[in-house]
Amino acid sequence: MLCHYARSRQYAENIPWLSGKKLPAYIYGNPYLYVQCKKSDDGMATGLWNFFADPTINTEIVLDKEYSDIEFLNCTGKLCGNIVHISEIPPFGFAAFCVK
C-alpha cells in the first residue's frame with residue numbers, strides 16, 4: 001500500500017501543501033529507489049540507493065530549483081535546468097551527484 005509506483009507522485013505533490021516547502025529532489029516511478037539530500041550555501045549533494053533487483057534506467061530526478069553545474073559519482077547523466085537525467089543505477093547499487 002505504501003510502496004507502489006504512484007505513491008511517490010502523491011507524496012511529491014502533497015508535501016509542499018502540508019509543509020510549505022518543496023522537496024529538494026524527488027523521483028517518480030521507482031518505489032525502491034531511496035533519495036537522501038544535503039543542502040549547503042552553494043549547492044546540494046544527493047545520494048540514490050536502488051534497493052531492488054532491477055536496474056533503474058533513464059532515471060529523472062526533479063530538483064527544487066535550477067542549477068548550472070553537476071558532478072556525478074558512480075553514474076553518468078546530464079543536468080537540464082532543474083532536472084537530472086541518470087542513465088542507469090544497477091540493482092542494489094548506489095549513485096550520487098552534487099549540483100551547484
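Close-up 1. Y34 sits in strand 2, residues 33–39 (strands are DSSP runs of E, at least two residues, numbered from the N terminus). The model is predicted: local features need pLDDT of at least 70, side-chain atom pairs pLDDT 80 or more, while totals for chains, interfaces and linings use all residues. Residues are numbered from 1 along each chain as its sequence is written, and side-chain values use heavy atoms, without hydrogens or water. Y34 is partly exposed, at 42% relative accessible area (buried is under 20%, exposed over 50%, partly exposed in between; 1.4 Å probe, protein chains only). Together, Y32, Y34, F51, F52 and F92 make a nonpolar surface patch of about 530 Å² (patch residues have over 30% relative accessible area and no salt bridge; nonpolar side chains are joined within 5 Å, like charges within 9 Å).

**Close-up 2. F92 in its loop.** F92 lies between strand 7 (83–89) and strand 8 (94–99). Its phi is positive, about 55°, although F92 is not a glycine. F92 is exposed, with a relative accessible area of 60%.

**Close-up 3. N74 in its loop.** The loop holding N74 runs between strand 5 (70–73) and strand 6 (77–80). N74 is not a glycine, yet has a positive phi of about 65°. N74 is exposed, at 52%.

**Close-up 4. The D64–K39 salt bridge.** The closest N and O atoms of D64 and K39 are 2.4 Å apart (a salt bridge is a Lys or Arg side-chain nitrogen within 4 Å of an Asp or Glu carboxyl oxygen). D64 is in the loop between strand 4 (56–63) and strand 5, and K39 in strand 2, so the pair ties together parts 25 residues apart in sequence. D64 is buried, at 16%. K39 is partly exposed, at 39%.

Notes. Areas by Shrake-Rupley, 256 points an atom, 1.4 Å probe, with all protein chains shown as cover. Helix = DSSP H or I, 4+ residues; strand = E, 2+ residues; numbered from the N terminus.
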